[in-house]
Every structure is written in C-alpha cells, then in structure tokens.
Amino acid sequence: MASLGRNIIRSKHFARSHVKYGSCAAYSTAPLPDFPAHSFKPPTYQGISVEKTKDVRKKNLNPGLVTYYRKPVMVHQGHMQYLYDTDGRPFLDLFAGIVTVSVGHCHPRTVKAATDQLGKLWHTTNIYLHPKIHEYAEKLASKMPGNLKVVCFTNSGSEANDLALHMARLYTGVYDTISLRNAYHGMSPYLMGLTAISTWRYNTPTGFGIHQAMNPDPFRGPWGGARCRDSPSQTIRSCNCAEGECEASDLYVEQLEDTIRFSMPKDKVGAFFAESVQGVGGAVQFPKNYLKRAFELVRSKGGLCVSDEVQTGFGRMGSHYWGFETHDVIPDIVTIAKGMGNGFPMAAVITTPEVADVLGKALHFNTFGGNPVACAVGSEVLDVIDDEKRQEHCAVVGTRLIHKLRVLQEEFDFVGDVRGKGLMIGVEMVTDKKSRKPMSGDDVGDIWEDTKDMGILLGRGGLYGNSFRIKPPMCITDEDIDYAVAIMRRAFENYAVRRK
C-alpha cells in the first residue's frame, strides 16, 4: 500500500502542476481527478538523459521518424495500461504503442513465455523442425473461420501485406489491385501504392497496377447518414433511409463499380484490400454492408479479398474476434500483426490452402518469421485474451467509453464525430459541426499537448491529423475511462476559452 500511496501523491502533484506549468495554460481552477489507483511502482530510471536522447535521435536515427508532442515524453517502463517517464511520472496509455499492446504492457504471462523460451531456443529458422511454430500455427488457425488454415509468418504488418499482394497476384494472374483512399497498409515501396494517404507517400515511382476507390466515409465523404455505422455512435448528418437500408452504402459501391469499369482490365480484378476499420486514417468506419457488397463485386470479377486486420484483430472490436466478422464476410487472405505479439515484432498472412499453394512455385523463406520466441509470446497472447475474456471486456468498456465521448461531442461544437466499436475509437475535431471543416493541426496539437501534460497519451490520425485515435491496451478499467474523459473535457474547456 505504501507504493500505491506514493503513486497517488505523485499523480495529484502532476495534475495540479499542469495548471500552473503546462505547455497550454489551463483556465479551470477545479482540481483534476486523481490518476487511477494502481500498486505498481516503476524502478528508478538509470540511463542516458532526455537531452542526450534527443541529440542521438537527431544525429543517428531515421529523420523520417515522427516524435509525438512538442515536449516529447521519454518512456522507460510500462505496466499493463500505464507508461512511466524517466521521472517516474505515470501516463494512461490510450494508444497502446500504435494499437500494438493488446493484453497490457509487460503482461506477466507474456513476459514469462518469452523468458522461458529464451532459455531454450532463440533462433534456428524454419529449415529445421521446432515445436513452437507448429503449436502456434495450429492454435492461430483455429481462431479463423472457414478454410483460412494456412499461416505464413512474417515480422511486421507491412511484410504481411506485401506478401498478401504478391500471393493474390500469383493466384489470380491479374496484376491490377484496388485499395481505398484513406487506407494505410504499410510503407514498403511495394505497398506505398496501397497506402492512400498523401502524407505517408514519397515522390518516387510506386504503386504500379494499384488503383484507389472512393473511401466510404459516412462523416467526411460525400454521402453518409445517421444510421450508417455499426457503432454505438452515429454521424451528425441527417438520414432519410428506411430501416435496413443505406443509400450511402449503395452510392459508395457504385463508385467501386466505376473504378473497376474504368481502371481495371476488362472484367478482371487481382485483389481488393480493405481494413475493417481504417486505423491510421482516423478510425473511419464504413457504412453497413459496404464491405460485404464490395467483396461480392470483387469476387464476381475473379479477384481475391484481403482483410487487413493488423489493428482490428484479436478481440479489440468487442463483438467479434476479427474485424472482418463485424462486416459478415470471410476474406480469402487475412493479414495480422501488432496486437498479435503484444508488442513483440511478429506478423502473419493467413489464407486458404488453395491460395497458399502458389508459394510452392518457387522457394520462399523468411529468416525470422515464426521465430521460436515470437511464437511462444503469440501463443500466450491468445491464451490471455481467452482466459481474461478481453474480447468481452472490449465490448463493455469500449461501449461505455464511446457513450461518454458522445457526451463531450454534445457539449463542444468542435468535436465533430465520435466513432468506432469496442476499443477501436476515433474522435474527429472540426472548426464547427455545421461546416465539418477539419480543425487546424496547430489547434489539435494544443489540445493534444494539454491531454499529455495532464496524464493521458492519445494517438492522432487522418489526412489532416485532426482525429484523436483511442485504442488502448485491452485491460483498461472503468476508472481509467472516467479519468481519460475528465482529462479530455478539461483540455476541450481550455481550448474553448483560448479560441474566444
């Protein structure tokens, strides 16, 4: 209890110090809520200084790396849904290492699985038989519906999507492929054509044979209404559709048909890639039945349907284990990563035996894909999700969080949209609800900095960077949610005063 007391005292000091010293001046004198009570106490940090870290980052690391916040957080310890900086200050992590920490930072069971395997076998590659990859592949395939039974292990979501595109082209014999605008599928030269957010694309030849269809965004797209989404939260736009109908979905499918009609080889499609919810694009959800009808259309042209589950898989959506299941579809190929390893670098392509067979036309190999340590961790993640009922938990706490964010949306005219399902949530900021004009990056940055200074870490996304991405570890509690919403309300209040 002593360590718990110290955490609470430190958290109170942190909240109050923001009011006086935060980078965005606070305008309310009301006390902030205490940081959620927890017993973990991080060890004292011993390592290079923040200033030295900044210097090394500038001189020795990729200059394209994004560093969050004007005054960056330097993290050195994680525990479940919390992160700690080098001063021992706690933060509620609402972004989970970009939707990667699924069951919790340093979850004791995944730590044990990794350390146990490290004492047995680190690496041998798959030229030899070793138990972990086979045990894990069978367990992972059992989570998939239909005939999705063959697993090809890689190390990242980009690698997985790269391989999926390669396999689809080999199988169909058609090179031309479709993705959606606002999609993010990775950053390899091969995939930069699938990724259709201009801020992520370099001015180099890329994307040969890849075509982007109109993004079916019910909030920002040309069509959308008040009953479009499979979500506890709908758009602020009006809707005249009868129950069970969606005019927006019809119109977006027509746009996909138009892309096929004009841009593809006659009556042929190689593959269609789609995220179940667009992650980097700002947690954008499609109108109901859009993806199901899109799959039917693509398959009628001989194409394969690829579901990018890198962010939406492993129970995060709450109602279903896989995001594609919320659309009532079974893909031909599924790509997974991120939450698969709870932060351990691993990914996979899962497909049918018929599609997988194309890799037998030549030798195919991935040095680290299916690494024994990775497979041990991945297997334990599956067990933790089941044993701790994390999918069910996401449904309950995620719905509660969305409802509380809806209250904020009703209070503030610049909160344009709250969307999502389970713990895959987006909050889009606008200048005002009537125009739906994206809030400026500087203004979003002010709010974002404010929330960080008060103890929560949010992601950002969308073409304009005006959407807050809320995708925490799947172990957050009701107390965490109440704290997060209180902090966001205070940051919104501060912004409302500043812009008068």
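The structure is a predicted model. The mean pLDDT of the chain is 93, and 94% of its residues reach 70 or more. Residues 1-26 have a pLDDT below 50, although this stretch makes 48 contacts in the model beyond near neighbours in sequence. Where pLDDT is low, the predicted coordinates should not be read in detail.

**Overall architecture**

- The chain contains 13 helices and 15 strands.
- Its radius of gyration is 23 Å, close to the 23 Å that the globule rule gives for 500 residues, so the chain is as compact as a globular protein of that length.
- The C-alpha trace spans about 65 × 60 × 45 Å along its principal axes.
- Of the 500 residues, 57% count as buried.
- Among contacts between residues at least 6 apart in sequence, 73% join residues at least 24 apart.

**The seven-stranded sheet**

- Seven strands form an open sheet with mixed pairing, in the order β4-β10-β9-β8-β7-β5-β6.
- The edge strands are β4 (150-154) and β6 (210-213), each of which pairs on one side only.
- Neighbouring strands of this sheet are turned by 20° against each other on average, direction ignored.
- Strand β5 (residues 177-180) runs parallel to β6, and four bridges join the two; within this pairing, Ile178 has His211 of β6 as its bridge partner.
- Helix α6 (residues 157-172) packs on the sheet and touches β4, β5, β6, β7 (271-275), β8 (304-308), β9 (333-336) and β10 (347-351). The direction of α6 makes about 25° with that of β10.
- Helix α7 (residues 247-263) also packs on the sheet, where it touches β5, β6 and β7. The direction of α7 makes about 150° with that of β6.

**The four-stranded sheet**

- A second open sheet has four strands in the order β11-β12-β15-β14, with antiparallel pairing.
- Strands β11 (415-421) and β14 (459-461) stand at the edges with a single partner strand each, so one side of each has no neighbour in the sheet.

**Strand β12 and its partners**

- On one side, β12 is joined to β11 by six bridges in the antiparallel sense; Lys421 stands opposite Met424 in β12.
- Strands β11 and β12 form a hairpin with two residues between them, and Gly422 in the turn has a positive phi of about 60°.
- Strand β12 (residues 424-429) also pairs with strand β15 (residues 467-470), in the antiparallel sense and over four bridges.
- In β15, Ile470 is the bridge partner of Ile425, and Arg469 is the bridge partner of Gly426.
- Six of the six residues of β12 are buried, so the strand is largely enclosed by the rest of the structure.
- Both faces of β12 are covered, with Met424, Gly426 and Glu428 buried on one side and Ile425, Val427 and Met429 buried on the other.

**Gln391, a buried helix residue**

- Gln391 lies in helix α11 (residues 390-411).
- Its relative accessibility is 18%; because the buried class is under 20%, Gln391 counts as buried.
- A polar atom of the Gln391 side chain lies 3.3 Å from the backbone oxygen of Gly318.
- Not counting residues up to four places away in sequence, Gln391 touches Gly315, Gly318, Ser319, His320, Tyr321 and Ile385.

**Lys500, an exposed residue**

- Lys500 is found in the segment after α13 (478-498).
- With a relative accessible area of 85%, Lys500 is exposed.
- Lys500 and Asp480 are 20 residues apart in sequence, and their C-alpha atoms are 31 Å apart in space.

Methods. Residues numbered from 1 in each chain as written. Predicted model: local features only at pLDDT ≥ 70, side-chain atom pairs only at ≥ 80, totals over all residues. Heavy atoms only, no water. pLDDT = per-residue confidence, 0-100. Contact = heavy atoms within 4.5 Å. Buried < 20%, exposed > 50% of the residue type's maximum accessible area, 1.4 Å probe, protein only. Polar contact = N/O pair within 3.5 Å; in protein donor to acceptor, adjacent residues only side chain to side chain. Pairing = 2+ DSSP bridges. Rg over C-alpha atoms; globule rule 2.2 N^0.38 Å. Axes fitted to C-alpha atoms, helices over the stretch in contact; angles between N-to-C directions.
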